[in-house]
Amino acid sequence: MVWLFIFALCGALVVLWRRMTALERALARLEEAEGDRGPGPREPLERAVPVTAMPRADAPPQRAEPSASPFALAPEPVPEPTQPPEPPASVVAAEAEQGPEAGPRKRLSLTLPRVDFEELFGRRLPIWAGGIALAVGGILLVRLAIENGMLTPSVRVAASFAFGLFLLAGAEAAFRFETRVADPRVRQALAGAGLATLYAAFYLAGSAYGLIGPALAFAGLAVVTAIALGLALRFGLPAAVLGMLGGFATPAMVASEDANLPVLSLYLALLTAGLAITGRRIGAAWLGFAALAGGFGWGAAILASATLDRTDAIAVGLYLALLGLLVPFLAGPIARWRWPRVVAAALASVQLAVLVALAGFAPLTWGLYLLLAGALAALAWREERLREGSAFATATGVALLALWHGNDLLTAPPGWRFAIVATVLAAISCGVPLLSLVTRRARAIDLWQLALSGVAIGLVASLRFDPGAEPRVLLALGLVTLAALPGAGLALLWRADADGRRLWLPAAAAGAVLLLAGFAGLPPSAFPFVAATIAGGLVWIARERPASGTRAAAWMTATIAFATLFVMDSFGAELLPLIGARSVPASVLSTLRWLALALPFAGLAWIETRESWRRAAEALAALIGYGAVAQIVPVDALVCIVAVAGAAVLWRSPARGGAWGTLLLIAAGWALGPFAIWLEAVTPALWAEPPLAHALPPVRDALFRIVPLTVLGALAAWRGRAHAFEIRVIGGGALTLAIVSLHIVYHRALGPVDMAGWRVSALWLRTGWELSLLILGAGLIRYARHRDITRTGAAFAALALTHFAVFGIGIDNPLWRAQSVGPWPLLDGLLAAYATAFAAALLLGALASRRGLPLARPLRDATLMILIAAYALSEVRHLFAGPVLTAAPLSQTEDLLRSLLGIVLALGFLAWGWRSDTRSWRIGSLVLMLIAVGKVFLVDTAGLEGLLRIASFLALGFSLIGIGWVYSRLLRST
């Protein structure tokens, strides 16, 4: 601690050295000003009074300092009247930078002050070092005598008093014989050392040895403080600085094992207050705030090292309150030293809060803290610039309230005591903001303090007490009363704030505290009603004052309201109806609860201007509203209601995409199950495992789960204001679901139940499905008044043709898959199947040609030629094999007949192409002819011998000649 004291003295020397440097610069500026007067008589500089020796208005008259003053400079010679002095180069440079428009300004000298090593270390510093050495030497001498047992306590104290008085007498002598001493720092150093010694003497007598009682010690310390004030006014700032350093270092350097905390607190309080008053009187307010730093440092040391009893806690608490309240106002004016006062209030609040915790949250220490907080609030009301300190004290009090515990860390504090402290703290924290709103002097920090303090106190009160099995009615009433404070602020601000930009703070705070009150006083089943009501009120405020920013609070409260569903015991039972299950009977109360939660989001969707947020509110309102309906409506009717609600939104407000989009997704969720079952049943058909009727979803599911989604999707594709891609996706989904629904109903009504039935009815069932799609598509195309409906009809026709191509010609072709085609050739199921596909191809070709697609006709003609060839081939097989085309092996006669059929068909295609002047049919004829001729030459003739082989070659030759002759005639004619 000795080295700490020495370092502090060195710091004081640095401060004093900087002040002397500033004085030298001031003298240099005065000298320069004298030189600017030009030629003429002027007063010699040695006759001027030095700055440090200039008398104060309240000080006794002093004689002028002689020319040997350390601040006096040698006079310059007076220049000749006829020749004006040449200004220094630095001044000329400064004037050149100012320009010609600068005018006659005061010229500043840029010459740096010169430091004389001999002057500094030989004449100035030794005086200060001597004074410091006297103080340190006296204290160390007393300590050495104590450690060696050379002096009794009485002798030690008497010696300390004598030595301190001796030093003060020396300072007074130096002041009276000022002309001989010729240096004011001598008396300042002696006075500072004497003050430090007297502080130590009284502390030793009262605290360390108990030679005098607390009253006498108090009187002695007060006398020393008064002496310090008087000497600082008489001798100047250095005496006060040395008194401060010595006064704060004395308790540490001569400390005893059993310190008397009341006396120590009184000592430190008087020292700090005295230094603050002294600094203000001599024009050095920083001295008081420096003393405050030392006082708070000692406060922290006491709290960290001492075990406090009741008396000690009172003394330390009063001491900290004095530091936070009184001393900052003694130090200097508020306008200049605002933030140091705020910091002092914050430090006092923190240390006093630590004292409350160390004292076991005793009522007395709580009273001291509330006294500090109340006094800071009163000062903040009087001076607005100090409200940050009051707000910090309130925040610290709330944190201390949260840390309050009973006899151990796991128990809650006594309820009645907690209620009293919380009530007083709430009144203190909200009183000044409410008064400032009444008088219209409120600042932003007042609104924040009003809002956050109420919410914080309510939250702490809610968390400190476990509700158990019963609601906390008294706590709920207290929270409602607490909510009245920010509520009153909201009412006051509603009238004062025209645009309502600051309304969101008290509104959100009142809503939060009311929410806590509802949670405390009502059962969990009522939580959604409370939260929804508060959210609705915030939505109304946001609607009335759009610029208030209350929408964010309304969003947060509505979200909390929605989250309250998850804490109810009946949440699981109320969630099951949303997915089609029900474990308890339908409840009107559950419906009202979900409906109450949907209303705030509906209100937000009504007032929200941001598109993304509006869509989110619409989606949540639709989702929670669906949950409300699901509580009482059966499953089958639920999906229909969802579809009807979505259709109503689409019809009235297509721009509400969040609402109808959510309803569309809910309906899709209901349709997902039947769709998955259908998909699982029909997918194996791709690898020749046809679906049976019992594997498909029931017709009831198709009608009540898939059809509503289909209708809603179709309406969304028509009315919904979405992008082109989204419209195509929604429309495609609706078309797919419509086809799935028809497929389920069709196969459930007519489909086989086993493979034997499938072999009998597969071709007719497949043809009927394709014919149904074709008739539906043709009807939509025929009576369409919108392009999208025409496209839908074309999609149905294309699906019919695709289904025939995949299953009729590909996977389930009767040529290689055993199934009955009918008993009579040419009057069988093959005719109906291929006629349906032929009609679908003609319809699609006509639509494509109408739209002007360049490849429409060639693709149509190619499809028709493939269908004719496949049908003719299948009928030939039916003629030889019977109803089941795979029942008999292929004979040679049938194989030759196939080749002949190919040639005949090629000639027919050629004739039709020639007659209709269609090049695609001619090309198709040529391709079919080449295939038939190749088959005859490579396959059919390979197994023939003799005349049959010769005849086949002759027939082939004549055929090729005939084809060549026909094509030559055709090409000449075109």
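Author: What follows takes the labels one by one.

Author: This is a predicted model, in which local features need pLDDT of at least 70 and side-chain atom pairs count only at pLDDT 80 or more, while totals for chains, interfaces and linings use all residues. Residues are numbered from 1 along each chain as its sequence is written, and side-chain values use heavy atoms, with hydrogens and water left out.

Reader: What makes up the secondary structure of the protein?

Author: The protein has 34 helices and zero strands. Helices (H or I, at least four residues) and strands (E, at least two) are DSSP runs, numbered from the N terminus.

Reader: Why are α22 and α23 called roughly antiparallel?

Author: Helix α22 (residues 588-607) and helix α23 (residues 611-630) pack at about 165 degrees, with axes 8 Å apart. Axes are lines fitted to C-alpha atoms, for helices over the stretch in contact, and angles run from 0 to 180 degrees between N-to-C directions. Angles under 35 degrees count as roughly parallel, over 145 as roughly antiparallel, 65 to 115 as roughly perpendicular and the rest as oblique. The angle of about 165 degrees is over 145, so α22 and α23 are roughly antiparallel.

Reader: Which hand does the crossing of α22 and α23 have, and which residues make the contact?

Author: The crossing of α22 and α23 is left-handed; that term applies if the near helix is turned anticlockwise from the far one by less than a right angle, and right-handed if clockwise. Contact (heavy atoms within 4.5 Å) involves, among others, Trp 594, Phe 601 and Leu 604 of α22 and Leu 620, Ile 624 and Gly 627 of α23. By class, the residues of this contact are 13 nonpolar, three polar and two charged. Ala, Val, Leu, Ile, Met, Phe, Trp, Tyr, Cys and Pro count as nonpolar, Asp, Glu, Lys and Arg as charged, and the others, Gly among them, as polar.

Reader: How do you know that α14 is roughly antiparallel to α15 but roughly parallel to α16?

Author: The axes of helix α14 (residues 387-403) and helix α15 (residues 415-438) come within 11 Å and cross at roughly 160 degrees. That angle is on the antiparallel side of the cut-off, and α14 and α15 are therefore roughly antiparallel. Their crossing is left-handed. Among the residues in contact are Val 398 and Leu 401 of α14 and Phe 418 and Leu 425 of α15, and the classes are seven nonpolar, four polar and one charged.

Author: With helix α16 (residues 444-464), α14 packs at about 5 degrees, the axes being 9 Å apart. This makes α14 roughly parallel to α16. Val 398 and Leu 401 of α14 are again in the contact, and the α16 side includes Ile 457 and Val 460.

Reader: What makes Leu 323 and Thr 272 buried or exposed?

Author: Buried means under 20% relative accessible area, exposed over 50%, partly exposed in between (1.4 Å probe, protein chains only). Leu 323, in helix α11 (residues 310-331), has a relative accessible area of 0% and is therefore buried. Thr 272, in helix α9 (residues 261-281), is also at 0%, so Thr 272 counts as buried. Leu 323 touches Thr 272, and its other contacts include Leu 292 and Phe 296, not counting residues up to four places away in sequence. Of the 974 residues of the protein, 44% count as buried.

Reader: How do you know that Leu 859 and Leu 826 are exposed?

Author: Leu 859 belongs to helix α31 (residues 856-881), and at 56% relative accessibility Leu 859 counts as exposed. Leu 826 lies in the loop between α29 (787-811) and α30 (829-850). Its relative accessible area is 51%, so Leu 826 is exposed.

Reader: What is noted about the phi of Leu 826?

Author: Leu 826 has a positive phi of about 70 degrees although it is not a glycine. Most residues other than glycine have a negative phi.

Reader: What makes a set of residues a nonpolar core?

Author: A nonpolar core is a set of buried Ala, Val, Leu, Ile, Met, Phe, Trp, Tyr and Cys residues joined through side-chain atoms within 4.5 Å. The largest has 75 residues, and those with the most contacts inside it are Leu 437, Phe 601, Leu 604 and Tyr 626. Helix α25 (residues 657-682) gives the largest share of this core, 10 residues. A second, separate core of 63 residues includes Trp 298, Leu 352, Leu 370 and Val 460.
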